[in-house]
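Have a look at the sequence and fold, then read on.

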Amino acid sequence: MCGIVGYTGYREAYPVVIKGLKRLEYRGYDSAGVALLNGGLKVYKKQGRVAELEEFIVGKDLHSHIGIGHTRWATHGEPSDRNAHPHTSAKGKLAMIHNGIIENYAQIKKELLNKGYLFTSDTDTEVLLNFIEDIKVNNECNLEEAVRIALKRISGAYCILLIDESDPETIIAARKGSPLVIGVGKGEHFLGSDASPMLEYTKEVVYVNDYELAIVRPDELILKNLGNEKITPFVTKLDMELAAIEKGGYDHFMLKEIFEQPSSIHDCLRGRLDASAGTITMSGIEQNIEAFKSASRIIIVACGTSWHAGLVAEYIIEELCRIPVEVEYASEFRYRNPVVNKGDIIIAISQSGETADTLVAIERAKEQGAIIFGIVNAVGSSIARISNGGAYTHAGPEIGVASTKAFTGQLAVLTMMALKIAKKKSSITDERYTQLLFELEAVPEKVDALLKNAGKIKAIAEKYKDATDALFLGRGYNFPIALEGALKLKEISYIHAEGYPAAEMKHGPIALVTDTLPVVFVATKDSYHEKIVSNIQEIKARKGLVIAIITEGDEVIAALANDVFFVPPADEMIAPMLSCVPLQLLSYYMGITRGVDVDKPRNLAKSVTVE
Ligand code: G6P
């Protein structure tokens, strides 16, 4: 959601900025723009894709050694050229880009209107920019000082980058709640919402913290807090290669990421799980093991697909560790004055580590004395940094908007965590522990095996591509997978889909069943098998079209369903890591056959940095 890029140095800025914007396209956006400085400010912006901006810019004067660029996901004001960023201040001297929401913008706008300011857009960003310019002019101070004063007056979330005609080498940047990474080069600096825009130029980065302000020049990076005190920048070395953020021969990032799962799950388990030795090494858990052992409950907070991983974890942790687990939508949890006791453990699950609702939810819970444990994919992200402990999923960069490999990584980490805690609590038998360790170790190979049959799912997708609705049903460990399958399908193919516990289907959704409704059953062999066979019968009796994800050799369901996809046998606790994969493929192929831009579906954002 909103991508931010900046460059100051010896190179031509425009190619760096525009390439950076393409790298950030995955975040979700509806307009794009750049600002350059060459004599005066040059601002080019356009509704639509970065490619359209590039076309629009052909033939324009692009020479500049400093530049800022933005992809906007509309909040205040419709997607349009005039609402696109960068915005230019009323006096035309400053340009700014912004990711986030200024909550008290209306009050500030009123003050500025009373002073005679006119606005050319509907955005909160233009208000903040003119507010900064007003302070700069009235206080006769430099831009850095004006930004600092302005930020003390505003509430909300922001990452802002500003350039000033009168200081043509400097970018002023600040953040609160929205991410900012600064790449450190020799005689140059790069700025981005994540590290992807700077990956081919430098591996040395500084993750800027909330309430910090950066003064960035080609040879200098100064970090300060809002009290004007200098902070020593902490330089981190990126452990990421360029190939990880490129398509590598696949048509789409989503497909690449689905097919990467055998290796991404393997990377997640590597160095942690050793089934033969009977060990799981997770330092984040080890450091907090007493807290986990004595926890009277665990609260999992997350959004979207990560929330579904949390639901699977609820089943696993309660079963293995006998600790009560609650799974909460972060957006609800943060606002409903929840009961959080000292010693409660909050597990925050997030691919991006930047989801605004999840971030604020854990900040509040931390203030109330809870221990925060982060399960995050993006290394160095905000959630990872504010957590007391955690475990990375190590799935590598996930670019497709729909989360796939990060989800299976989350399931792998959560399962290892549960096993480790259960072992320490002695709430699991040695036999079961060993069996599950071997089961977990075998997952990458099994995912690899089922991916070899992706063509089968493609054929199913083509058969049902004209469906207008779909139902996804599952029980037990596969119930959250049914929810996830429905979410994926609606995100990627725009087909209306709902997920339900299979038995709950009788309390409403069954009214929708006709001979044109596809009903996807996630029904791998488990302790609910007989029950779900009955649920399939109930759908068949009403002429519903059954697509079943089942275990190899399951002749009972195979005989009942219209279409089946087989997954290798696995313990019911491990099965979700397999059964989710055909559903990812189903949504991908449905999206493709229906002509959807699957990596960037409409209105969706990869990293939801506003609440
Ligand atoms: C967005 C993404 C989803 C993701 C959700 C939570 O909606 O499109 O794929 O599951 O945010 O994001 P997080 O980064 O916190 O896992």
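In which helix is the place of Glu144? Glu144 sits in helix 5, which covers residues 143–153; helices (H or I, at least four residues) and strands (E, at least two) are DSSP runs, numbered from the N terminus.

Some ground rules before going further. This is a predicted model, in which local features need pLDDT of at least 70 and side-chain atom pairs count only at pLDDT 80 or more, while totals for chains, interfaces and linings use all residues. Residues are numbered from 1 along each chain as its sequence is written, and side-chain values use heavy atoms, with hydrogens and water left out.

Setting aside neighbours within four places in sequence, Glu144 is in contact with Ile172, Leu213, Ile215, Lys224 and Asn228, where contact means heavy atoms within 4.5 Å.

Glu204 belongs to strand 11 (residues 204–207). With a relative accessible area of 34%, Glu204 is partly exposed. Leaving out the neighbours within four places, Glu204 is in contact with Ile182, Gly183, Val184, Val235, Thr236 and Lys237. Glu204 and Lys93 are 111 residues apart along the chain, and their C-alpha atoms are separated by 32 Å.

**The chain as a whole**

Zooming out, the protein chain has 21 helices and 27 strands. Its radius of gyration is 25 Å, close to the 25 Å that the globule rule gives for 611 residues, so the chain is as compact as a globular protein of that length. (That radius is taken over C-alpha atoms, and the rule is 2.2 Å times the number of residues to the power 0.38.) Along the principal axes, the C-alpha trace spans about 80 × 55 × 45 Å. Of the 611 residues, 61% count as buried. Among contacts with a separation of 6 or more, 71% are between residues 24 or more positions apart.

**Pockets and cavities**

Now for the gaps. Rolling a probe the size of a water molecule over the atoms shows where empty space is left. On a 1 Å grid over the protein atoms alone, a cavity is a set of points where a 1.4 Å probe fits but cannot get out, whereas a pocket is an open set with protein on both sides within 12 Å along at least five of seven lines; lining residues have an atom within 4 Å of a point. Points are joined across faces, edges and corners, and a volume is the space filled by probe spheres set on the points.

| Space | Volume | Lining by class |
|---|---|---|
| Largest pocket | about 980 Å³ | 15 nonpolar, 13 polar, 15 charged |
| Second largest pocket | about 570 Å³ | twelve nonpolar, eleven polar, four charged |
| Largest cavity | about 70 Å³ | three nonpolar, seven polar, two charged |
| Second largest cavity | about 40 Å³ | nine nonpolar, one polar, no charged |

For the classes, Ala, Val, Leu, Ile, Met, Phe, Trp, Tyr, Cys and Pro count as nonpolar, Asp, Glu, Lys and Arg as charged, and the others, Gly among them, as polar.

Where does the largest pocket lie? Domain 1 (3–244) and domain 2 (247–441) both give residues to its lining, so the largest pocket lies between them; the domain bounds come from an automatic or database domain assignment. Of its 43 lining residues, Met240, Asn377, Val379, Gly396 and Pro397 lie nearest the centre. Helix 7 supplies the largest share of that lining, three residues.

The second largest pocket has 27 lining residues, with Cys303, Gly304, Thr305, Ala605 and Val608 nearest its centre. Domain 2 and domain 3 (453–611) each give at least three residues to this lining. Helix 10 gives the most here, with five residues.

Residues lining the largest cavity include Cys2, Trp73, His98, Asp124 and Val610. Strand 6 (94–102) and helix 4 (124–139) each supply at least two of its lining residues.

Helix 10 turns up again at the second largest cavity, giving the most to the lining with four residues. Among the residues there are Ala309, Ile316, Leu411, Met573 and Pro576. The lining of the second largest cavity draws at least three residues from each of domain 2 and domain 3.

Notes: Buried means under 20% relative accessible area, exposed over 50%, partly exposed in between (1.4 Å probe, protein chains only).
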